[in-house]
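Visitor: I would like to go through this model and ask what stands behind the labels. Please set each value against its cut-off.

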Amino acid sequence: MTAVDDNTVLEQHFDATIEHEKRIEPRDWMPDKYRASMIRQIAQHAHSEIIGMQPEGNWITRAPSLRRKAILLAKVQDEAGHGMYLYSAAETLGADRADLTERLIGNRQKYSSIFNYPTLTYADVGVIGWLVDGAAICNQVPLCRSSYGPYARAMVRICKEESFHQRQGYELLMTMMRGTEAQREMVQDATNRFWWPSLMMFGPPDDQSPNTAQSMAWGTKRHTNDELRQRFVDMSVPQAEKLGVTLPDPDLRWNEVRGHYDFGPVDWSEFAEVIKGNGPCNVQRVAHRRAAHDEGAWVREAALAHAAKGRA
């Protein structure tokens, strides 16, 4: 059998595995494009978890109570853990964790656009839990059925913890909405600022998303960007009503015919600018991550030296 015939058989087996909703595992043969696509997807997700520690971590020293400080510390710690799970999943595809970090701090790989917005008040911590983690859950729960095994298994634990984070954020907002008028205004202001960027988290409209069709064919994506965005809107409107805040969209209304909420146009020009590195906090986020990486070099060197000594 020739090499061409071998590749054909391998491709047919790969396609059959995908078609029968089975998992691709690290030692299985996979097309180079599938491997590259999974590394890109998992790396961007890992980077998002690590960069995502910054907006809320900014408020740890200013939390209003010891209880709130403990909750926030635990959440930021969870996000660090999620990043580590995901970098490990990327390594099963042959990626090098150090290289991925260099790509992040060198602005050669992206992370979620939402983390390039500032957290101006403590209400932002709650709104991130409610809206940002809520959007993440909509996007990530289907990824528990990703065709790539290590990623799917990592997502199971991550989604459980993200669900808890959302409930924590919502509980904080409910507490603030039962407080003073100033606190209620803080919650409304934070909602106004994070609503549209949360809708952008799902990515560009389907007709402008170049990777969606192939990712869905491979089973590494289960729903289109617009489907996930609609699901998030439908989920968030009744939660906002219960909370007592107004979502900042005058076009938001229930469509009886569609059985979904209609909502206004997203400002995709803003999204494009943030993705290009021109958001409010892009430079700050990457600079902070680069500084942390450089300052931690001695820890990594010491750990490697200790490991080498143990093997000697």
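Predicted model: local features only at pLDDT ≥ 70, side-chain atom pairs only at ≥ 80, totals over all residues.

Visitor: Why is N107 called exposed?

Guide: N107 has a relative accessible area of 52%. Exposed means over 50%, so N107 counts as exposed.

Visitor: What is the phi of N107?

Guide: Phi of N107 is positive, about 60°, although N107 is not a glycine. Most residues other than glycine have a negative phi.

Visitor: How do you know whether E21 is buried or exposed?

Guide: E21 has 53% relative accessibility. The cut-off for exposed is over 50%, so E21 is exposed. The loop that holds E21 runs between α1 (3–19) and α2 (32–51). E21 also has a positive phi, near 60°, and is a residue other than glycine.

Visitor: What makes S112 count as buried?

Guide: The relative accessible area of S112 is 16%. Buried means under 20%, so S112 is called buried. S112 sits in the loop between α5 (97–105) and α6 (123–140).

Visitor: Which residues does S112 contact, leaving aside neighbours within four places in sequence?

Guide: S112 is in contact with S48 and M201.

Visitor: Why is T220 called buried?

Guide: T220 has a relative accessible area of 0%. That value is set against the limit of under 20%, and T220 therefore counts as buried. The place of T220 is in the loop between α9 (212–218) and α10 (225–243). Residues up to four places away in sequence not counted, T220 touches Y34, M38, Q41, L143, S146, S147 and S215.

Visitor: What about P265, is it buried or exposed?

Guide: P265 has a relative accessible area of 71%. With exposed meaning over 50%, P265 is therefore exposed. P265 lies in the loop between β2 (260–262) and α11 (268–278).

Visitor: Which residues does P265 touch, not counting residues up to four places away in sequence?

Guide: P265 touches W196 and D251. As for R253, twelve residues from P265 along the chain, the two C-alpha atoms are separated by 13 Å.

Visitor: Why is Q284 called partly exposed?

Guide: Q284 has 49% relative accessibility. Partly exposed covers values between the buried limit of 20% and the exposed limit of 50%, so Q284 is partly exposed. Q284 is placed in helix α12 (residues 282–295). From Q284 to P31 the separation is 253 residues in sequence and 37 Å in space, C-alpha to C-alpha.

Visitor: What makes A292 partly exposed?

Guide: A292 stands at 39% relative accessibility. The label applies between 20% and 50%, so A292 counts as partly exposed. A292 is also in helix α12. A292 and E19 are 273 residues apart in sequence, and their C-alpha atoms are 43 Å apart in space.

Visitor: Which residues touch the most other members of the largest nonpolar core?

Guide: They are I42, W130 and Y148, in a core of 75 residues. Helix α7 (residues 149–177) gives the most to this core, with ten residues. In soluble globular proteins, nonpolar side chains tend to be buried together.

Visitor: What does Y148 touch, not counting residues up to four places away in sequence?

Guide: Among the residues Y148 touches are R23, P26, M30, Y34, M38, I42, A89 and L93.

Visitor: What else describes the protein as a whole?

Guide: The secondary structure comes to 13 helices and two strands. Of the 312 residues, 48% count as buried. Of the contacts with a separation of 6 or more, 77% come from residues 24 or more positions apart. The protein exposes about 15800 Å², and carbon and sulfur atoms supply 56% of that area. There are 37 positive and 41 negative charges, and their mean positions are 6 Å apart.

Methods. Residues numbered from 1 in each chain as written. Heavy atoms only, no water. Core = buried A, V, L, I, M, F, W, Y, C linked by side-chain atoms within 4.5 Å. Buried < 20%, exposed > 50% of the residue type's maximum accessible area, 1.4 Å probe, protein only. Helix = DSSP H or I, 4+ residues; strand = E, 2+ residues; numbered from the N terminus. Contact = heavy atoms within 4.5 Å. Areas by Shrake-Rupley, 256 points an atom, 1.4 Å probe, with all protein chains shown as cover. Lys, Arg positive; Asp, Glu negative; His and termini not counted. Charge placed at Lys NZ, Arg CZ, Asp CG, Glu CD.
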